[in-house]
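Please find below a colleague's note on a structure that may be new to you.

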Amino acid sequence: FHGVTAMRIGEQAERGAAISVEVNGTDLPGFAGESLAALMLAAGITHFRTSRGGTPRAPFCNMGTCGECYVRVDGRQRRACLVPAAEGMKVCTDD
């Protein structure tokens, strides 16, 4: 929309404790309670899985209905947008 600016949460917003989550062998910073999808997107990860046709996929709806953000969390397949980040999690994408 022309003339509309994005609204962002300012510094006054309360966040969870600073944590570290391992994604594909790399420790990424984040905040406890934010979704894994948010943590991964903030770190610049845009390839969560690969479709049957071979195209990279990433979160689409960010509310758990589309299934585009499946990753392995501590060995279990989960939707990254529905999993709250926690210290020490190990996440694997399929790339």
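1. Basis of the note. This is a predicted model, in which local features need pLDDT of at least 70 and side-chain atom pairs count only at pLDDT 80 or more, while totals for chains, interfaces and linings use all residues. Residues are numbered from 1 along each chain as its sequence is written, and side-chain values use heavy atoms, with hydrogens and water left out.

2. Overall layout. The chain has one helix and seven strands, where helices (H or I, at least four residues) and strands (E, at least two) are DSSP runs numbered from the N terminus. Following the sequence, these elements come in the order β-β-α-β-β-β-β-β. Of the 95 residues, 29% count as buried; buried means under 20% relative accessible area, exposed means over 50%, and partly exposed lies in between, with a 1.4 Å probe and protein chains only.

3. Surface and contacts. The chain exposes about 6,600 Å², and carbon and sulfur atoms supply 52% of that area; accessible areas come from the Shrake-Rupley method with a 1.4 Å probe, and for residues only the protein chains shown count as cover. Among contacts (heavy atoms within 4.5 Å) between residues at least 6 apart in sequence, 36% join residues at least 24 apart.

4. Strand β1 and its partners. Strands pair if DSSP finds at least two bridges between them. Strand β1 (residues 18-23) is joined to strand β2 (residues 26-31) by six bridges, and the two run antiparallel, with Val-23 having Thr-26 as its bridge partner in β2. Two residues lie between the strands of this hairpin, and there Asn-24 takes a positive phi near 50°. On the other hand, β1 runs parallel to strand β7 (residues 90-92), to which two bridges join it, and here Glu-22 stands opposite Lys-90.

5. Strands β5 (residues 70-73) and β6 (residues 76-79) run antiparallel and are joined by four bridges, with Val-73 opposite Arg-76 in β6. The hairpin formed by β5 and β6 has two residues between the strands, and Asp-74 in the turn has a positive phi of about 50°.

6. Leaving aside residues up to four places away in sequence, Val-91 touches several residues, including Val-21, Leu-36, Met-40 and Val-71. In soluble globular proteins, nonpolar side chains tend to be buried together.

7. Salt bridges. The count comes to four salt bridges, each being a side-chain nitrogen of Lys or Arg within 4 Å of a carboxyl oxygen of Asp or Glu. One of them pairs Glu-34 with Arg-15, whose closest N and O atoms are 3.9 Å apart; this pair links distant parts of the chain, since Glu-34 is in the loop between β2 and α1 (36-42) and Arg-15 is in the segment before β1, 19 residues apart. Arg-15 is exposed, with a relative accessible area of 56%.

8. Arg-57 forms a salt bridge with Glu-68, the closest N and O atoms being 2.6 Å apart, and salt bridges that share partners join Arg-49, Arg-57 and Glu-68 into one network. Glu-68 also meets Arg-49 in a salt bridge at 2.9 Å, N to O; because Glu-68 lies in the loop between β4 (56-57) and β5 and Arg-49 in strand β3 (residues 49-50), the pair ties together parts that are 19 residues apart in sequence. Glu-68 is buried, at 14% relative accessible area, whereas Arg-57 counts as partly exposed at 30%.

9. The cysteines. Cys-61 is partly exposed, with a relative accessible area of 23%, and Cys-66 is partly exposed at 27%.
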